[in-house]
Amino acid sequence: NPHKPQMERSCNLETANCRAKGGAPGFKVAILGAAGGIGQPLSLLMKMNPLVSVLHLYDVANTPGVTSDISHMDTSAVVRGFLGPQQLENALTGMDLVIIPAGVPRKPGMTRDDLFNINAGIVKTLCEGIAKSCPKAIVNIISNPVNSTVPIAAEVFKKSGTYDPRRLLGVTMLDVVRANTFVAEVLGLDPREVDVPVVGGHAGVTILPLLSQMKPPCSFTSEETTYLTSRIQNGGTEVVEAKAGAGSATLSMAYAAVKFADACLRGLRGDADVIKCAFVPSVVTELPFFASKVRLGRNGIEEIYPLGLLNEFERVGLEMAKKELAGSIEKGISFAMK
Ligand code: NAD
Ligand code: LMR
């Protein structure tokens, strides 16, 4: 660094996090797609996370600017930028957690599955890089359609002999964040005190909020249940329409992604009782992937919880969710096996 004055300095080496002592304690995190609509606020929020010691920002465009900008924040994580496929290996080497928000977003009128043709290939290539350079990392997949991109990632890891189902998680946290917000609004509660499990997948009817299992326990009229379920299932479309062609949820998604990544890091650190919903390799239903509550620990997913008692409305919803999910999972698997 040419700007660093070359002089004797005194530094209080007792200060726990002094970089002169060998770097702040914490985890190494890479964000792939870091210069995008989600990537930028996600990078900003991860730079603020005290559990992160090194933050690698990778994209195929604009990473130098985003990296320079974020690196000026006076938090302890060291930020490095990586641009283009030639730098993917360096971006990934040594990472504990890799978060993938790379890929195109929806425009009004599109389904998440309409993104498959472009995003499937992007996720496949990035996961091949992970298999090669950081096969033990926890992987958080945000790129849509999550119901297919997670199965694609699993196939890529299987093919390369590095697959550990405990380390692969599709991010459905935004569905939980929305459910908490909308339910709190209806009940007149503080959203921070509300926790609604959302299971199934991350598209339309596959998004299945379990209002009967929310905390604190509350009851709803059938009109409220129908309204809330539909609003949660269509939350993504609500934002896509409001943005009118300028993309999909980015800010609330970055917030949700950081909530989820922080839980993964707390799990890696060994914290007890870190439980979040995610779309994961699963035996909770007959499908090979399903979103439900999982406990996160030192190896990633330590435990997957069964769905618990469902009411009649939720049982009907579950059958619809499974039917659509089966096709999306199969589509991802066949793509990756080609
Ligand atoms: P965006 O277009 O603003 O950003 C995407 C970024 O990915 C861009 O910077 C682009 O350069 C980069 N990119 C493209 N190909 C790449 C590659 N091969 N390697 C690395 N980077 C690459 O889009 P966005 O709004 O940030 O959304 C990204 C994805 O996240 C979309 O697929 C969107 O549908 C999805 N999404 C998922 C959720 C969820 O809940 N899981 C929520 C919101 C959005
Ligand atoms: C969301 O739920 O906001 C994302 O999956 C983006 C989208 O396309 O709706």
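Two residues are in contact if their C-beta atoms, placed from the backbone, lie within 7 Å. In this predicted model, 68% of the contacts between residues at least 6 apart in sequence join residues at least 24 apart.

**Overall fold**

The chain contains ten helices and eleven strands. Its C-alpha trace spans about 70 × 50 × 40 Å along the principal axes. For 338 residues a compact globule would have a radius of gyration near 20 Å, and the chain agrees with this because its own value is 20 Å. Of the 338 residues, 47% count as buried.

**Ligand 1**

The shell around ligand 1 comprises 33 residues, of which Gly33, Gly36, Gly37, Ala102 and Asn144 are the closest. By residue class, the shell divides into 18 nonpolar, 13 polar and two charged residues. Helix H4, formed by residues 116–133, gives the most to this shell, with four residues.

| Residue | Loop position | Other C-beta atoms within 10 Å |
|---|---|---|
| Ile142 | between strand E5 (138–141) and helix H5 (146–159) | 30 atoms |
| His202 | between strand E7 (198–200) and strand E8 (207–209) | 28 atoms |

A residue counts as buried if 20 or more other C-beta atoms lie within 10 Å of its own. Ile142 is therefore buried, with 30 such atoms. His202 is likewise buried, because 28 other C-beta atoms lie within 10 Å.

Leaving aside residues up to four places away in sequence, Ile142 touches Ile38, Ile99, Ile100, Pro101, Val171, Met253 and Ala257. The C-alpha atoms of Ile142 and Ala102 are separated by 7.8 Å, although the two residues stand 40 residues apart along the chain.

The UniProt annotation "active site", taken from an unreviewed entry, covers His202. With residues up to four places away in sequence again left out, His202 touches Val146, Asn147, Gly170, Thr172, Asp175, Ile207 and Phe279. Among these partners, Val146 and Asn147 fall within the range of helix H5 (146–159), and Ile207 falls within that of strand E8 (207–209).

How values were computed. Residues are numbered from 1 along each chain as its sequence is written. Chains are lettered from A and ligands numbered from 1 in the order in which they are written. This is a predicted model: local features need pLDDT of at least 70, side-chain atom pairs count only at pLDDT 80 or more; totals for chains, interfaces and linings use all residues. Helices (H or I, at least four residues) and strands (E, at least two) are DSSP runs, numbered from the N terminus. A residue is buried if 20 or more other C-beta atoms lie within 10 Å of its own, exposed if 12 or fewer, and partly exposed in between; C-beta atoms are placed from the backbone. A residue is near a molecule or strand if its C-beta atom, placed from the backbone, lies within 6 Å of it. Ala, Val, Leu, Ile, Met, Phe, Trp, Tyr, Cys and Pro count as nonpolar, Asp, Glu, Lys and Arg as charged, and the others, Gly among them, as polar. The radius of gyration is taken over C-alpha atoms; the globule rule is 2.2 Å times the number of residues to the power 0.38. UniProt positions are given in the numbering used here, feature names are shortened, and annotations may be inferred rather than shown by experiment.
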